[in-house]
Amino acid sequence: MRGPILPGRERAGRPGREGCSRREFLAAGSILGWLPFFRPKHIELAGARFRILRNGDVPRRYLLIHGNEETAREVLTRHIQAHEGIAYVIENHTREVAIDGGKLDPNRMFSRAGAAANLKRLNPEWPPEQVEAALAVLDRGREKLARALLAPRGGLTIALHNNSPAYSVADEEPISDAGSIREPDNPHAFFLCTDPEDFRKLADSPYNVVLQQKPAGEDDGSLSRLAAVRGVRYLNLEVALGHATRQKEMLDWVEWHL
Ligand SMILES: [Zn+2]
């Protein structure tokens with residue numbers, strides 16, 4: 001039950017005018033959002049600053065998260081000019097980004113546990129208070145960044161990576177729910193997906209693919225793991241550094257079939 005509005009409360013809160021100005025504020029915000037000039041061109045967390053490249057308004061997101069994966073950068077920057085979606089391209093050119101004078105792998109910052117393990121590993125000289133302070137910075141901005149990078153419901157986020165000889169689909173197979181290895185002699189080129197329906201289609205492709213629908217193993221703080229936890233469609237596209245033609249070919253396959 002609502003009590004009578006007291007004169008004093010009326011003066012202090014001005015409920016009528018507040019409602020009106022709030023509507024005006026929201027309307028202005030949505031209009032500004034339509035004007036390209038007012039849309040943010042960057043989003044950042046700690047030293048990870050992403051340039052936002054927009055093309056149309058479909059629920060597809062693309063991501064380059066490791067700055068030293070220059071082949072993926074080149075493929076994605078060209079791809080977004082001809083395909084609709086929003087691409088987030090990290091601006092620095094090293095794998096790790098700066099944080100409080102130390103280093104952080106940006107694909108380990110999407111959970112507190114993953115970020116803590118990575119900060120301790122990369123900055124062994126840091127006292128515990130410094131790790132805590134860096135984690136607090138990440139805690140404040142993590143959700144905003146995750147919401148931008150993960151596609152809205154029904155959409156798909158595609159992250160492009162380049163790997164070194166030390167990492168291949170062989171590392172992911174044992175911790176995956178399913179796999180289809182069509183190119184056993186080319187283990188560095190593969191897809192990693194979180195959605196069973198995407199896996200079913202990708203398993204029909206001529207390429208390697210693994211499904212990680214349920215997060216397994218320890219929480220590494222990667223975006224693919226967060227996507228699996230939240231039930232969001234997510235796809236990693238991995239090829240060896242320098243293999244631009246192959247990465248473009250696999251990305252084109254995804255555009256046609258997913
Ligand atoms: Zn990477």
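User: What does Lys248 count as, and at what relative accessibility?

Analyst: Relative accessible area sorts residues into buried (under 20%), exposed (over 50%) and partly exposed in between, with a 1.4 Å probe and protein chains only. Lys248, at 47% relative accessibility, counts as partly exposed. Asp252 also counts as partly exposed, at 23%. This is a predicted model, where local features need pLDDT of at least 70 and side-chain atom pairs count only at pLDDT 80 or more, while totals for chains, interfaces and linings use all residues. Residues are numbered from 1 along each chain as its sequence is written, and side-chain values use heavy atoms, with hydrogens and water left out.

User: How are the side chains of Lys248 and Asp252 joined?

Analyst: They meet in a salt bridge (a side-chain nitrogen of Lys or Arg within 4 Å of a carboxyl oxygen of Asp or Glu), with 2.9 Å from N to O. Both residues lie in helix H9, residues 244-257, and are 4 residues apart, about one turn of the helix. Helices (H or I, at least four residues) and strands (E, at least two) are DSSP runs numbered from the N terminus. Elsewhere, shared partners link Arg112, Glu132, Asp139 and Arg142 into one network of salt bridges.

User: How many salt bridges are there by this rule?

Analyst: The count comes to 18. Another of the pairs is Arg147 with Glu143, at 3.2 Å from N to O. These two are 4 residues apart in helix H5, so about one helical turn separates them. Arg147 is exposed, with a relative accessible area of 63%, while Glu143 counts as partly exposed at 31%.

User: Which parts of the chain does the pair of Arg233 and Asp198 link?

Analyst: In this salt bridge the closest N and O atoms are 2.9 Å apart. The pair links distant parts of the chain: Arg233 is in the loop between helix H8 (223-230) and E11, and Asp198 is in helix H7 (residues 196-202), 35 residues away. Arg233 and Asp198 are both buried.

User: What is the strand order in the open sheet?

Analyst: Strands pair if DSSP finds at least two bridges between them. The sheet has 9 strands in the order E1-E2-E4-E3-E7-E11-E9-E10-E8, and its pairing is mixed. Strands E1 (42-45) and E8 (178-180) stand at the edges with a single partner strand each, so one side of each has no neighbour in the sheet. Neighbouring strands are turned by 20° against each other on average, direction ignored. Within the sheet, E9 (residues 190-193) and E11 (residues 234-240) pair in the antiparallel sense over 4 bridges, and Cys193 stands opposite Leu235 in E11.

User: Which helix packs on the sheet and touches E1?

Analyst: Helix H5, residues 128-149, touches E1, E2, E3, E4 and E7, and its direction makes about 145° with that of E1. Such angles run from 0 to 180 degrees between N-to-C directions, with axes fitted to C-alpha atoms, for helices over the stretch in contact. Helix H3 (residues 70-82) lies across E2, E3, E4 and E7, and runs at about 155° to E4.

User: Is Ala159 buried or exposed?

Analyst: Ala159 sits in strand E7, residues 156-163, and counts as buried because its relative accessibility is 0%. Leaving out residues up to four places away in sequence, Ala159 touches Leu63, Tyr234, Leu235, Asn236 and Leu237, where contact means heavy atoms within 4.5 Å. Its C-alpha atom is 9.4 Å from that of Tyr88, a residue 71 positions away along the chain.

User: What share of the protein chain counts as buried?

Analyst: The share is 45% of 258 residues.
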